[in-house]
Structures are given as C-alpha cells and as structure tokens.
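Trainee: Could we go through the side-chain contacts of this model together? I would like to see how each answer is reached.

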Amino acid sequence: MEESRLRTYSPQTLAFLGDAVYSLYMREYVVSNANCPAHKLHEKTIKYVSAAAQARAIEGIEEGLTESERDVYRRGLNTKTANSAKNSSKEDYHKATGFEALIGWLRLKGDEDRIKELIEKAIEINGKI
C-alpha cells in the first residue's frame, strides 16, 4: 500500500490489524515449538501476546525503529481507546496498542520481513519456549 494511503488509517485501525497479525505469528511460533493440548498452547502464547509482554517487547525494540516506525508507534501509544486494560497497567496497554499499530502498519505496507524481524526480537525479549 502507498505511504500516503497508509497515513489515512487511524492508530486504532492499525492496532486492530496488528493484534491479529502478531497473535497469529506468536501462535505459529508456539505451535511449532510445543506440540501440546490447546489449553497449554494458550498458556504459552499469553507469554508473548499479553499487554505486558508486548510492552516489554516494544521497550526493547523502540531504539532500533526507523523514524517512520517510531511515528506510527507513538500515534498508537497516544491514541485514546474505548477499551481499558483488563489484566495489565494502563501504561502497558497503551504501549501494546502502539506496538500493535506498528505491526498493522507494516502489514499494510507489505513489509513482512520487518514484521518477522521485530517478532524475533520480541521472542528474544520475552524468552524462548
């Protein structure tokens, strides 16, 4: 997608997509490394997809982001959301929203290599299975 069109998407829309993309990547990672019952897979996946885990990941990744990526992250971080943090701090929830917005933006941009690179770093930060 063209950069000019990408700028028209709200951070919440980008985060909506990014949440699904990130979750799918993490589920694939967990399944490929742990062949076990579904409830155990879910427990292992939470280690990566919770707001706290995503906040830790972006804190470790943020320094290496490009200026454009930082802008998208900050837009997501600072967006007002209708949802509230259920099992995390408000700060972690906003960081996670920013991270998800970044992943959604990269997906629409068609930059799968960069998504994979950031996800590999997120796995390192939150610990491998």
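**Aromatic pairs and salt bridges**

Mentor: Gladly! This is a predicted model, and its count of aromatic pairs comes to two.

Trainee: What is the geometry of the pair formed by Y22 and F99?

Mentor: Let's start from the numbers: the centres of Y22 and F99 are 5.1 Å apart, with 80 degrees between the planes. Planes over 60 degrees apart count as edge-to-face. The pair of Y22 and F99 is therefore edge-to-face.

Trainee: How many residues apart are Y22 and F99?

Mentor: Y22 sits in helix α2 (residues 11-33), while F99 belongs to helix α6 (residues 90-109). The pair thus links distant parts of the chain, and the separation is 77 residues.

Trainee: Is Y29, which pairs with Y48, buried or exposed?

Mentor: The rings of Y29 and Y48 have centres 5.5 Å apart and planes at 90 degrees, so this pair is edge-to-face. For Y29, the relative accessibility is 17%. Buried means under 20%, so Y29 counts as buried.

Trainee: Which residue forms salt bridges with both R114 and K121?

Mentor: The structure holds nine salt bridges. One of them has its closest N and O atoms 2.8 Å apart and involves R114; another, at 3.6 Å N to O, involves K121. The partner of R114 is E117, and the partner of K121 is also E117.

How values were computed
Residues are numbered from 1 along each chain as its sequence is written. This is a predicted model: local features need pLDDT of at least 70, side-chain atom pairs count only at pLDDT 80 or more; totals for chains, interfaces and linings use all residues. Side-chain values use heavy atoms; hydrogens and water are left out. Rings of Phe, Tyr and Trp (its six-membered ring) pair if their centres lie within 6.5 Å; planes under 30 degrees apart count as stacked, over 60 as edge-to-face and the rest as tilted. Helices (H or I, at least four residues) and strands (E, at least two) are DSSP runs, numbered from the N terminus. Buried means under 20% relative accessible area, exposed over 50%, partly exposed in between (1.4 Å probe, protein chains only). A salt bridge is a side-chain nitrogen of Lys or Arg within 4 Å of a carboxyl oxygen of Asp or Glu.
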